[in-house]
Amino acid sequence: MLHDWRGALDRIAMRAGFAKGQVRTKAFRHSYASARLQTLDGGDPVAIWTVSKELGHGSEVMLKTIYGHLGQVRHRAEHVEFRPEQHREVLADRLEALRTPGGH
């Protein structure tokens with residue numbers, strides 16, 4: 001059983017070229033919230049209230065404050081999508097390090 005999340009995350013992040021402690025689980029939560037707010041719910045944009053509840057918030061205030069601008073995003077999908085190819089140029093060295101046994 002994995003008990004040391006930070007240690008495991010540090011090892012993976014360092015292999016990808018990030019500094020120890022630079023990647024934390026909060027980044028995953030932020031990425032999910034951003035992507036989820038760009039999805040559809042029954043053909044309509046998902047409600048901020050829905051995403052707030054999924055993240056365990058008691059109200060919509062936090063999401064409106066942090067992610068309110070995403071309501072203007074035109075890309076909408078039925079499901080949460082993460083498209084690494086959009087970041088290929090910036091992350092090229094880090095992605096290659098993950099493909100290479102032993103990292104850097």
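**Group meeting: a walk through the predicted model**

Let me start with a glycine: just after helix 1, Gly-17 takes a positive phi of about 95°. Before I go on, this is a predicted model, where local features need pLDDT of at least 70, side-chain atom pairs count only at pLDDT 80 or more, and totals for chains, interfaces and linings use all residues. Residues are numbered from 1 along each chain as its sequence is written, and side-chain values use heavy atoms, with hydrogens and water left out.

Okay, the overall layout. We have 5 helices and 2 strands, and from the N terminus on they go α-α-β-β-α-α-α. Those are DSSP runs numbered from the N terminus, with helices being H or I of at least four residues and strands being E of at least two.

Of the 104 residues, 24% are buried. Buried here is under 20% relative accessible area, exposed is over 50%, and partly exposed is in between, using a 1.4 Å probe and protein chains only. The protein exposes about 7,800 Å², with carbon and sulfur atoms supplying 56% of that; the areas come from the Shrake-Rupley method with a 1.4 Å probe, and for residues only the protein chains shown count as cover. As for contacts, meaning heavy atoms within 4.5 Å, take those with a separation of 6 or more: residues 24 or more positions apart account for 54% of them.

Back to helix 1, then. Which of its residues are buried? They're Gly-7, Ala-8, Leu-9, Asp-10 and Ala-13, and that set packs against helix 2. A quick reminder on helix geometry: an α-helix has 3.6 residues a turn, so residues three or four places apart point the same way.

Now the loop from helix 1 to helix 2. Ala-16 sits in that loop and is buried, at 7% relative accessible area. From Gly-21 to Asp-10 it's 6.1 Å, C-alpha to C-alpha, and 11 residues in sequence. Remember that Asp-10 is one of the buried residues of helix 1.

Next stop, Thr-39, in the loop between helix 2 and strand 1 (40-41). Is Thr-39 buried or exposed? Buried, because its relative accessible area is 1%. Its side chain makes a polar contact with the side chain of Arg-36 at 2.6 Å. By polar contact I mean a pair of N or O atoms within 3.5 Å; within protein, one must be able to donate a hydrogen and the other to accept it, and residues adjacent in sequence count only if both atoms are side-chain atoms. Leaving aside neighbours within four places in sequence, Thr-39 also contacts Asp-44, Pro-45, Val-46, Arg-76, Ala-77, Glu-78, His-79 and Val-80.

Ser-52, in helix 3 (residues 48-54), is buried too, because its relative accessibility is 1%. Beyond residues up to four places away in sequence, Ser-52 touches His-57, Ser-59, Glu-60 and Leu-63.

Two of those partners, His-57 and Leu-63, bring us to the second largest pocket, which they line along with Lys-26, Arg-29, His-30, Leu-55, Met-62, Ile-66 and Tyr-67. Helix 2 (25-36) and helix 4 (61-67) are the elements giving two or more residues to this lining, and helix 4 gives the most, with 4 residues.

How do we define a pocket? On a 1 Å grid over the protein atoms alone, it's an open set of points where a 1.4 Å probe fits, with protein on both sides within 12 Å along at least five of seven lines; lining residues have an atom within 4 Å of a point. This one has a volume of about 150 Å³, where points are joined across faces, edges and corners and the volume is the space filled by probe spheres set on them.

The lining divides into 5 nonpolar, 2 polar and 2 charged residues. Nonpolar covers Ala, Val, Leu, Ile, Met, Phe, Trp, Tyr, Cys and Pro; charged covers Asp, Glu, Lys and Arg; the others, Gly among them, are polar.

Ile-66 and Ala-33 are 33 residues apart in sequence and 9.9 Å apart in space, C-alpha to C-alpha.
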